[in-house]
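Hi,

Here is the structure I promised to pass on. Have a look at it first, then read on for what turned up.

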Amino acid sequence: MALYDVDIRPQLDQVSPDIANPQSSRLDEDDSTLSSASSDRSVRSVESTTASKGKWKANINGDWRYGSSESATSTAMSSVSSSTAAEDKTITRPQFTSPLKKRMSDGSIKQPPLRLNSSIGSASEQPQAVPEQPQQDQQTQHIPPKKKRGRPPKDKSLLAQPAPKAPKASRISELKDEVRPRSSIPSRLPAEVHASQAIEAAYASRLNPFELHRGEHSLLADLLMSHEVTVYLNIRNAILRLWHQNPLCGVTPKEAAGCAKEARFFGLAEAAYKWLVRNGYINFGCVETPRDAGIAKSRRSGKQKTVVVVGAGVSGLTTARQLEHLFEHDAKRWTDVGERPPKVIVLEGRKRIGGRVYSKQLRDQVPGSLPDDLRNTVEMGAMIVTGFEHGNPLDTIIRGQLGLRYHLMKDALTIYDSDGRPVDEQRDMLNTELYADISDRAGDFRAAPQDTNTLKGDEELISRCRDPISDGFADFQLEPLPNPMDHLPQYKPAAKRGRRRNAPPQTEKLTGRTRVIEMSNATQSAARAAKEMGWQLREGIARNQSISLNEMARASSHPTLGSVMDDAIEQYQDLVQLTPQDMRMLNWHHANLEYANAAPVSSLSLSGHDQDTGNEFEGAHSEIIGGYTQLPRGLMNLPTKLDVRFDRVVDSIHYNEGAPGESEYTTKVVCSDGQIIEADQVVMTVPLGVLKDDVVDFDPPLPGWKYGVIQRMGFGLLNKVILLYDQSFWDDDRDMFGLLNDAEQQNSLDPEEYARRRGRFYLIWNASKISGRPALVALMAGHAAHDAETTDSNSLLAEINDRLRTVFSPEKVTAPSEVIVTRWKRDPFTRGTYSYVGPRTRSGDYDLMAKPVGNLHFAGEATCGTHPATVHGAFLSGLRVASDVMTAMTGPIDLPLPLVGAPTIKQETVARYNMPQTVPLPPQPSISTNTPATAQVNAPIIKQEHDPTSLASVPVYASAPAPPPPKLAGPPKQSVCARDDSFWARPSFDHNDLDYEASIVGTILSRLGDRPLKPSRPGVNPFLLFTKAKWDECKAHCSRDASTAGRDAIRATLGKWWKAATEEEKRPYLEQSEQAQKVADTQRKEWAEGVEKWDAEARRIRQEFVAEHPPPVVQGEGVGGSKRKSNNSSWVVLDHV
């Protein structure tokens, strides 16, 4: 949870120019055309909301309208916020005592009767997961009364439609004649390197490369055999690798099919591809979706459904953009039934996009102060990207697609005391470690996370990019390799990874988050822990003496984090000598935690305030140069412009709470100006604060479980004071510095005395590198954030100027040229900043917020328990809700059955298997041929266990020529599984058969020579040729900004160059590729003709040999016949024991 990843919307007041310093300073109001809110705007009360609603009326044209433009109010619901996606919880699956399954020869799965543990019913008998019906607290028992609908019924005459055609989905599994297996796996890339890239791509997508995601598990658990899970994961990881190699181009179905190593696994490739696309793991963001020319012609007429997205923040724009991708991807679902793909309309109450991501343009622009002529802006809301690595989806958008410039932040931090002196570094370390220990002890009361149990693949095989062998080799083992995992990155759970360089121990000062790490001091006595930190124990304190927080934690049914941590501080005062400066430093850390959660620590849940711990991304934090608003602007405009309608303040939403088709009423979204938009699905991405204040009227009212969770969850506040100067007087190489605040009573040791003031300007960011102007951003956290809403701007400016003058020289601190104060609580479109876990918030409330109500869906940072209060969380919520809407409109993902086809044997493979290995030939006096003593054949090598039995001891039996095998007209009568007895050949062969066949083969090879070898594919791709030719040039270009440009950056830049190249520039590479393809086609044609001629001659020689030298006659079957492993499609012996 961090401010930087949350939307914030400012309210500003004018400041007098005569403050302390005679220089005039301007204080900027948020009155630009980019925002529709102002500080003096009247806000109607919640009680008057219902009374002020308009009525339904029909105009002279017979159209129904709600209210009128004359009576429209300006304070109804707004649009968007940055929000976050929550993943559904996994329902524990029953444990089967007999999980064995068998795939039949036709590809279907035969499952034995299931026997479940006695304590668990059958899977089909398990109750469906339904939203919790929470018991209403006394504070939330008021639920709006269910009122009679006030909208006209559906026009039944419009429902008459011609009989729809059955949808025909394009399936990867049907591309066997068009796509070659392994075509998307580079042949020259070592398997271990390919595996490491695929595993890295899975981690970069927030997926475990070695096990199924719970969504995949629910979709495929009953369709896969155990060894096929590994095959599926290899294909899924390879598809993710294609996407992350170049996110400027979407992955096509044919490319996904090429990730399978055999054509019979195309069904698995289709399942992986569809699931990844539907859930936004590939082909998302500002990338163009390929269009079918045949479908485009049918889009001009026909019925068209509508999806309305309320809010144009990051979550709303992501939802709309992802829905456009999904509708484009599955356009045939609608065109095949005579409809056009649905349209998406985004309603925004402001005059700008972005919601709480708001980069305000400065009044005085300095040309050339930023690269690429970027504007001088300051961040009113979201500001920091919390690491690009290990799964942040914004990495794909910001760096991979939009190519935005960013500044990597440093952790170096100096904290100044209230008297302006820098705090001793050693003392700072002591208090930091003490605060971390207190956090660890309070963490003993946190709620235990819910474990998930999904199907897992073979980690060793996946690490080598290898699939399990087919059925019949149950005892197969991999041969050992030296240091096989050296090339793979080692991952540990995020909560236990090492700290970033220069960060204080156990604390992220940029995020305000404390972490429990390995070897935590919470496992020791408090006195021993303090002694090891470096504190001097009071006289008479034993080293085994500790503190107990149980009494405070159990004093209330809803304990808070602040009360327990303050109790721990007071108990530590009995063990060590804490000074007033120590108290100021400990409360500085409190303020940092209040900034991360946008709420005082006394308002945070003890058990769940850090419920998103473990989901943090890695890498240095960064800021977007030129403004964070470039992100939502890119989502709106690329690749095509979204239909965003500004100044559309939503007044009421009339939705259908039942299943599709059950309601006789149409879904309508009514704006305050009287405009009505009919919709099939509605997505709400407004901030939680808007929902808590009942600004929007829902018809019917939201059910009790949804209303209860809205009231239980917390929605916090954080504000900023932004100062613009003509020149900097601080260390411009530092990205931030901290300020300690005194207690209300001077030098007090009571933690409560610090609560009101500790968050006032406690952290100041240097924003010069991203704004292009000397600028400071002072944070107001905790209770101070609420004080900023009511304190006039003159007083705030005078206070921060006084603080800065105590730290820096008074002569250097001049009056700022421009001052901006944010007041997000006043903003009618946000009413706060971002969500937090309050004392009454329950486990799973974030997931309940994400649950739809009928055709009304919800997105935003408050719908995601894994990444709340962040911009990337808002982005993820848009991807999640787009998947929900798509499922509601089209149903679940359509999978091919069976997923895995029956194994097939190529003719070339059969021909090679029909030729035995090097076989010594005994002298044959009755045969006068030129057969050599040995016959060298290119046969497959099969490793066999050592057997001391000598072939000479095996009885010899002559055999008669076998009759030609009958033509098969169905599935084989014999099993293809080596564990079945019918797989083994009857003892009617002997080594004379091998001698006779070897004589024939030797004759053929002596006359014709070896069979022509199939030529290899050219593998000449025009883009690869372009990459090879331009690599050095591109590397020099990329090194202008970074001394050592990485390979990924060079590849991404080359992809942009190729995409931007003209046809004239591409022609040499295309011609070279075409020429290589022509040569390959000629060689392949010559090979086909040579093979056909060689096979004809071989058949003729075989016939002549058999006519001249008939096989030996059978003298009877022996009594001690041996078991010989044979494939059932021919007589060739594979194993002779």
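Where does Asp694 lie? Find the loop between helix H17 (688-692) and strand E21, and you have it. Keep in mind as you click around that this is a predicted model.

Why start there? The backbone does something worth a look. Most residues other than glycine have a negative phi, and most peptide bonds are trans. Asp694 is not a glycine, yet its phi is positive, at about 55°. Its relative accessibility is 24%, so Asp694 counts as partly exposed.

Arg206 is another case: phi is near 65° there, again a positive value in a residue other than glycine. Look for Arg206 in the loop between helix H1 (191-204) and helix H2 (214-220). Arg206 is partly exposed, with a relative accessible area of 24%.

Now for the peptide bonds. The one from Leu638 to Pro639 is cis, with omega near 0°. Pro639 sits in the loop that runs between helix H16 (630-637) and strand E16 (644-645). Leu897 and Pro898 are also joined by a cis peptide bond, with omega about 0°. For Pro898, go to the loop between helix H23 (871-890) and helix H24 (907-913).

Back to E21, which belongs to an open sheet of 4 strands. Strands of a sheet pair through backbone hydrogen bonds, either parallel or antiparallel. In this sheet the order is E19-E18-E17-E21 and the pairing is mixed. Strand E19 (676-679) and strand E21 (697-699) are the edge strands, each pairing on one side only. From one strand to the next, the twist averages 15°. Strand E18 (residues 667-671) and E19 pair in the antiparallel sense, over 4 bridges. If you want to spot one of the contacts yourself, take Thr667: its bridge partner in E19 is Ala679.

Last, the cysteines. How many disulfides are there? The count comes to 0. A disulfide is a covalent bond between the sulfur atoms of two cysteines, and the cut-off used here is a sulfur pair within 2.5 Å. For Cys1034, the closest cysteine sulfur is in Cys1038, 3.9 Å away, which is too far for a bond. For Cys259, the closest one is in Cys465, at 9.4 Å, also too far. Cys259 is buried, with a relative accessible area of 4%, and Cys1034 counts as buried too, at 0% relative accessibility.

Over to you, and enjoy exploring!

Note on methods:
Residues are numbered from 1 along each chain as its sequence is written. This is a predicted model: local features need pLDDT of at least 70, side-chain atom pairs count only at pLDDT 80 or more; totals for chains, interfaces and linings use all residues. Side-chain values use heavy atoms; hydrogens and water are left out. Two strands pair if DSSP finds at least two bridges between them. Helices (H or I, at least four residues) and strands (E, at least two) are DSSP runs, numbered from the N terminus. Axes are lines fitted to C-alpha atoms, for helices over the stretch in contact, and angles run from 0 to 180 degrees between N-to-C directions. Buried means under 20% relative accessible area, exposed over 50%, partly exposed in between (1.4 Å probe, protein chains only).
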